[in-house]
Amino acid sequence: MADTQCSVLVTGGTGVLGRVVVARATAAGHAVSVLSRRPGPDGAGRVTHVTGDLLAVLEPATLAGVDVVVHCATTNGRRDAESTRNLVEAAHRAGVGHLVYISIVGIDDVPFGYYRAKLAAERVITDSPVGWTILRATQFHDLIERILAAQAALPAVLVPRGATDQPIDVGTVADRLVELAAGPPAGRVTDIGGPEVRRFADLAETYLRVRGSRRRVVGVPIPGELGRALRAGRLTTPDNRVGTITFEEHLTHRG
């Protein structure tokens, strides 16, 4: 990573990805602040909390002195474009020179509401006067685990039939975001995915084996364009495998 140290503001800094971005950026020597709607305790070392609501107009003073924003916050798609617009407008008024955004591999090709919202947020960023970098990554190991864990009360685990995925370690994505934040705006950079492209059913079977469960995995047909996209592997990027932590290793490490 570049040796340049800068002032980094992280949105969504208390989420699954944001927490790791904050930790890795701090370890790299950057001055890190976390934007949150409610005041929070300042962390050890160089982490501070800045109060602001992305669904309201942000005062430029909220971003005063910030060199780069790493935008990890999401409204789960409901108002992502709106919150991103508020952020880039405040960043522009505050003179922030660089915004790094985390997006998702395949969202152009998979007709799903959350992905459409991510695309809309991307357009807000690319149309803005603020210098920008967009990184698309595949789904996190954590998300696949949560999807499967949410079915604990069912007699079988249901998965989309024929779908493939390429889950990636959140730390790998955080490292790349911090690396990009330390450099100049780079536009749309190369997508990244995890080390293995797997059938979703295989991932579910791995989850059950590690958890010591004897439940079955049942493939559920997904009709239409969405099903075709999932079966075609549109959420994967096989030529861009990054990191070494597999889904099984993630589960074993998490216990």
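Helices and strands in these legends are DSSP runs, with helices of at least four residues and strands of at least two, numbered from the N terminus. The model shown in every view is a predicted one.

**View 1. Ser 83 in helix H2.** Ser 83 lies in helix H2, which covers residues 80–94. Its relative accessibility is 3%, and because buried means under 20% relative accessible area, Ser 83 counts as buried. When the neighbours within four places in sequence are left aside, the residues in contact with Ser 83 are Leu 54, Leu 55 and Thr 75.

**View 2. Thr 84 in helix H2.** Thr 84 also belongs to helix H2, and with a relative accessible area of 1% Thr 84 is buried. Apart from neighbours within four places in sequence, Thr 84 is in contact with His 71, Ala 121, Val 124 and Ile 125. For a sense of scale, the C-alpha atoms of Thr 84 and Ala 229 are separated by 27 Å, while along the chain these two residues are 145 residues apart.

**View 3. The packing of helix H2 against helix H3.** Two packed helices are described by the angle between their axes and by the distance between those axes. Here the axes of H2 and helix H3, the latter made of residues 113–126, come within 8 Å and cross at roughly 20°. Since angles under 35 degrees count as roughly parallel, H2 is roughly parallel to H3. The crossing of H2 and H3 is right-handed. On the H2 side the contact is made by Asp 80, Ala 81, Thr 84, Arg 85 and Val 88, and on the H3 side by Tyr 114, Ala 117, Lys 118, Ala 120, Ala 121, Val 124 and Ile 125. Sorted by class, the contact of H2 with H3 has eight nonpolar residues, one polar residue and three charged residues.

**View 4. The packing of helix H1 against helix H5.** The axes of helix H1 (residues 16–27) and helix H5 (residues 170–181) come within 9 Å and cross at roughly 55°, so that H1 is oblique to H5. The crossing of H1 and H5 is right-handed. H1 contributes Val 16, Leu 17, Val 20, Val 21, Arg 24 and Ala 25 to the contact, whereas H5 contributes Val 170, Gly 171, Val 173, Ala 174, Asp 175, Leu 177 and Val 178. By class, the contact of H1 with H5 is made up of 10 nonpolar, one polar and two charged residues.

**View 5. The largest nonpolar core and Leu 177.** The largest nonpolar core has 29 residues, and of these Leu 17, Val 21, Val 70, Val 173 and Leu 177 touch the most other members. Two or more residues of this core come from each of the following elements: strand E1 (7–11), H1, strand E2 (31–36), strand E4 (68–71), strand E5 (98–104), strand E6 (132–137) and H5. The largest share, seven residues, is given by H5. Leaving out residues up to four places away in sequence, Leu 177 touches Leu 17, Val 21, Val 70, Cys 72, Val 100, Ile 102 and Leu 135.

**View 6. Val 34 in strand E2.** Val 34 lies in strand E2, and at 3% relative accessibility Val 34 counts as buried. With neighbours within four places in sequence set aside, Val 34 is in contact with Val 10, Gly 13, Val 22, Val 47, Thr 48, His 49 and Val 50. The C-alpha atoms of Val 34 and Pro 238 are separated by 33 Å, and the two residues are 204 residues apart along the chain.

**View 7. Asn 76 in the loop between E4 and H2.** Asn 76 is found in the loop that lies between E4 and H2. Phi of Asn 76 is near 60°, which is a positive value in a residue other than glycine. Is Asn 76 buried or exposed? At 54% relative accessibility Asn 76 counts as exposed, because exposed means over 50% relative accessible area.

**View 8. Leu 203 in helix H6.** Leu 203 is found in helix H6, which consists of residues 200–211, and with a relative accessible area of 0% Leu 203 is buried. Leaving aside its neighbours within four places in sequence, Leu 203 is in contact with Ile 144, Leu 148, Asp 165, Pro 167, Arg 198 and Phe 247. Leu 203 and Val 20 are 24 Å apart in space, C-alpha to C-alpha, and 183 residues apart in sequence.

Notes:
Residues are numbered from 1 along each chain as its sequence is written. This is a predicted model: local features need pLDDT of at least 70, side-chain atom pairs count only at pLDDT 80 or more; totals for chains, interfaces and linings use all residues. Side-chain values use heavy atoms; hydrogens and water are left out. Axes are lines fitted to C-alpha atoms, for helices over the stretch in contact, and angles run from 0 to 180 degrees between N-to-C directions. Angles under 35 degrees count as roughly parallel, over 145 as roughly antiparallel, 65 to 115 as roughly perpendicular and the rest as oblique. A crossing is left-handed if the near helix is turned anticlockwise from the far one by less than a right angle, and right-handed if clockwise. Contact means heavy atoms within 4.5 Å. Ala, Val, Leu, Ile, Met, Phe, Trp, Tyr, Cys and Pro count as nonpolar, Asp, Glu, Lys and Arg as charged, and the others, Gly among them, as polar. Buried means under 20% relative accessible area, exposed over 50%, partly exposed in between (1.4 Å probe, protein chains only). A nonpolar core is a set of buried Ala, Val, Leu, Ile, Met, Phe, Trp, Tyr and Cys residues joined through side-chain atoms within 4.5 Å.
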